[in-house]
Amino acid sequence: MRIGVFICKCGTNIAKTVDTEAVARKALEYPDVVYATDYMYTCSEPGQEEIREAITKHRLQGVVVAACTPRMHEPTFRRAVEKAGLNRYMFEQANIREHVSWVNNDRESNTLKAMDLVHMAVEKLRLNHPLFSSKVPINKRVLVIGGGVAGIQAALDCSEGGLDVVMVEREATIGGKMAKLDKTFPTIDCSSCILGPKMVDISQKENISLHAYSEIESVSGYIGNFKVKIRKKATYVDWNACTGCGECTQKCPSKKTHDKFNEGLGSTTAINIPFPQAIPKRARINAESCLYLTKGKCRKCEKVCPADAIRFDMEDEIITEEVGAIVVATGYDMFDYSVYGEYGGGRYPDVITSLQYERILSASGPYGGHIVRPSDGREPKDIVFLSCVGSRDASVGRPYCSGVCCMYIAKQAIITRDHLPDCNCYVSYMDIRSPGKNYDEFVRRAQEEYGINYIRGRVGKIYPKGNRLIVQGVDTLMGVQMDIEADLVVLATGLEASDGARELAEKLRISYDQYGWYMESHPKLRPVETNTAGVYLAGVCQGPKDIPASVAQGSAAAAKVLVLFSRDTIETDPQVAFVNERVCISCGKCIEVCPFGAIQWKTLRDGSQKAEVLPTVCQGCGLCNATCPPKAVQLQHCTDDQILAEVNAVCE
Amino acid sequence: MISETGTQREKEIKIIGFLCNWCSYGGADTAGVCRFKQPTDLRIIRIPCTGRMDPLFVVKALIYGADGVLVSGCHPKDCHYAVGNLYARRRMELLKRFLPFIGIDTNRFRYTWVSASEGQLWQQVVTEFSEEIHRLGPNAGLNEKMDAETALSLFNTK
Amino acid sequence: MPKRIAYYPGCSCEGMANEYDQSTRALCKVLNIDLVDIPDWNCCGSTPSNSYDPLLGAALAGRNLALAEAEGFDLVMTPCPSCLKSLKTAIKVYNDQKQDFAHLLNMPFSGKIKVISVLQLLYEEVGVEKIKERIKKPLTDKVIIPYYGCLLSRPPEFAEFDDPENPVSMDELLLAAGAKVPDFPYKTECCGAAYGVTINNIVGKLAGRILDMAQSLKTDAVAVACPLCQQNLDLRQSQVNRFCHRNFKIPVPYITQLIGYALGIDLKELGIHKLFVNADNLFKETV
């Protein structure tokens, strides 16, 4: 093999602490190296040109570049060598910046280390073989997980683009958290008026099939060809027959059922439709409170249903959908503030969460839009809003900013003053974070036009006095202690990863951070992709954001799906495992360990069984390679011989 | 000039690091980007996953002259390939108990978990392990009753 | 066989809070717990030693623990929360800076000894149920408010006892003794602490708030478990009255006195007569 070595100075980033010229000279001593040089910026256009010229001029068959981390520029250089006519896998990169020049200033040691790394890359390259991608057809259907505003946007955009869409929603209705909101900032327009039509669109589009009250059971396959098992949870109502007339909900005697849609304010019936604008507008029986399902007596709903839709014997059903791409838009849940013992930990009925307050404000909420206290139904005279409950607080494991609370507090306070002009509103805040179009102006209006009292500081304790609450804290601008008597306290509870987000991530094989937010492929340049090809993110599941940003991300994810589906086939990564059938002893261990089910039995003409890797399913982890007793399975481009060649290069 | 540096210095300590591409290799990159200073003895081999690690790689490296071997991957439960590092953990744990049989100090081998964002942890791991290997000094190799072939044959499952 | 544990009285219990010491000893005797005074115990260092030199202060407190260890004890009990904090700090500092600590202490110390308060002893080691079984003179119809102060349950990682913001150990003990225990929002509010000596008005204001809230709940007594809280609420109650223009006459007994009484111990033995605000009405035989 004729190998060329290119040492990058990276301006002074590498050259300052590594003698690149010496490394290049040393490289010429390594076997098969016929050309070596150093260059100012190898990744630049002229730098790449120099590689291409050298390949032609010196008839190179393989190239080593010693530069930054391959996680940065390996694709760049692979393209460069490909342009010069080499196979893109006849390339190796030695990392002499992040792993050498940036972590030590000792020029002599660094130079020696860089030489070793180049030597290792050369030894590995000598055992490289040209690899070729294969093409697999794409199934042009998309799965959207989560029917909140981000998922709805992604589904509608994909549908508009002509794709078949499968939407899976965990709750009995789509709409997500936005459907629970009264109004939205900074325009104070009605949340359900802008979301409602979009929800209706979902139900009416021919090419969208909606599975509400369903969850993802398992996901197999790979980009272009996923197989998804969906658990349709038992609703005890045949949704094909149910017309959503609501007759059953009038007659149901079990009226003390927890009202999840109203955040536990008030109660609902065991058979219920979450809210009047629900999509699909179908009744569902809550098995935990249904008298018949718990005590074996009642069946009132069955008697009154004009459509004969009640099915007490219904069971969960598992269905399978095949799709080519997945958009994850699972949203968030509210922080459980009961860990704040100093705020009562849930003991005081008039200390409520911001989402509960949204339901109080909402005309379709439990109190018909009248602002009253949950404890006694009285109109409050003084309301205190506390910001950062479960945000920016490392002591409860939530050091991040939830991003929307400052704005929704201002909105809720403004609406409160609109409803009850005599009600005093206080906002206790740490900082006001209002970056966004017309956002800061909005907060200003809350303070200046609406006369809402903003107090900078932190509340240390809430306790009852008579039937009111004392909010005790500090005003850090005045430098005094404050005690506010309030009728109602609204905690601006932060956003946290949706319940079950981690389990779903494991099914999808996407990563999440320590708080359960899904990890995007690159924080700046690949904000909706994940590290699993064909799986995209939209909305708050990736991190806290407001409605405009969620919608934008929903559209962005849809665009990525449409880009993917604009081709008929995709190329697979050829760096996958390969079985040498003559060495294979048919033990089946590789089949057992493969996390992706990418290895199967293959019957040879003589009737013997050998392992066979499905190159399109294989993700290239190499677990089978390490497991295989006779080493018949080898991970191409990272074979045992190649790894040991690198080891030898160091030990020589 | 370079031949001087290359040959005339006392034998350098050589540590081989096997790092998974997704977490620890990224963590080492992060440490670099943050300019977290580290000793220079480590030579990193990039592998897709710690599940790719054949314990023999460690044994061969130590037999053929490496003074220390460090294996690092994603934190358990956080593997890019779901379970690779769990297999690795079992294999590495067994290997650790086996090394004394062929006369290799267990302290020359370490495995650890460092994520792509934990640059500081990586600096700490490299610094501590390098110090440990410097303390142990150059690897004397196998004990007198053992030659490389016998040692390796102990692993041979064929 | 009675349970033997090491006992660290601390300076308060030798002086101002003598009745706390008396009642603790009397109560433990009835509960079959053998309190053994740490021989030659010394000052825990309280606040001053820690502000002067944390390491030296920790070693000072640590000497008491080393003495207890030498006697073979693995558990030390002290009634005073401030002593409790000093002794626990000693263990923490020992674990963080073993060599320096050992050098200063200059006697064998393992750091394995555990330190608890008398309240923790009653609540965790003896148990509410066990106490309930032995109640002889229940505090029936008496409204008693538990006041915990700042140190007994906080900071949580340090106290390792009860709920930091809403402690319930005294509530449960008092309920077991038959008392009525209203929900008291000022359970862990500040009593003014050492400001009683320097800026008296602060105690007037803070202790006043606590007594005000207690009064509004129609209490017969405020139960405490800290000598300093007791001092500010009881000894200084007349000062508080002057400052707040009130006329509080709320007895402030120690939890050990209340439980001791309910277990049938003689009032004299519990040192009830040493309280400044007369508590005779509280202990008037109701039957």
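Surface patches are made of residues with over 30% relative accessible area and no salt bridge, where like charges are joined within 9 Å and nonpolar side chains (Val, Leu, Ile, Met, Phe, Trp, Tyr) within 5 Å. A salt bridge is a side-chain nitrogen of Lys or Arg within 4 Å of a carboxyl oxygen of Asp or Glu. Accessible areas come from the Shrake-Rupley method with a 1.4 Å probe, and for residues only the protein chains shown count as cover.

The model is predicted: local features need pLDDT of at least 70, side-chain atom pairs count only at pLDDT 80 or more, and totals for chains, interfaces and linings use all residues. Residues are numbered from 1 along each chain as its sequence is written, chains are lettered from A and ligands numbered from 1 in the order in which they are written, and side-chain values use heavy atoms, with hydrogens and water left out.

L477(A), M478(A) and V480(A) make a nonpolar surface patch of about 340 Å². Helices (H or I, at least four residues) and strands (E, at least two) are DSSP runs, numbered from the N terminus. L477(A) lies in the loop between β24 (468–475) and β25 (480–486) of chain A. With a relative accessible area of 61%, L477(A) is exposed; exposed means over 50%, buried under 20%, and partly exposed in between (1.4 Å probe, protein chains only).

Helix α11 (residues 354–361) of chain A has eight of its eight residues buried, so the helix is largely enclosed by the rest of the structure. Contact means heavy atoms within 4.5 Å. The buried residues of α11(A) pack against several elements of chain A, including β21 (382–389), α12 (405–419) and β26 (488–493).

**The sheets of chains A and C**

Two strands pair if DSSP finds at least two bridges between them. For the angles below, axes are lines fitted to C-alpha atoms, for helices over the stretch in contact, and angles run from 0 to 180 degrees between N-to-C directions.

In chain A, an open sheet of four strands with parallel pairing has the order β2-β1-β3-β4. Its edge strands are β2 (33–39) and β4 (91–95) of chain A, each pairing on one side only. Neighbouring strands of this sheet are turned by 15° against each other on average, direction ignored. Within the sheet, β1 (residues 3–8) and β3 (residues 62–67) of chain A pair in the parallel sense over five bridges, and F6(A) has V65(A) as its bridge partner in β3(A).

In chain C, an open sheet of four strands with parallel pairing has the order β2-β1-β3-β4. At its edges stand β2 and β4 (114–117) of chain C, each with a single partner strand, so one side of each is left without a neighbour in the sheet. The twist averages 40° from one strand to the next. Four bridges join β3(C) to β4(C), which run parallel, and T78(C) has S117(C) as its bridge partner in β4(C).

| α2(A), residues 45–57 | β1, β2 and β3 of chain A | about 165° with β2(A) |

**Chain B**

Chain B has six helices and four strands. Buried residues make up 54% of its 158 residues.
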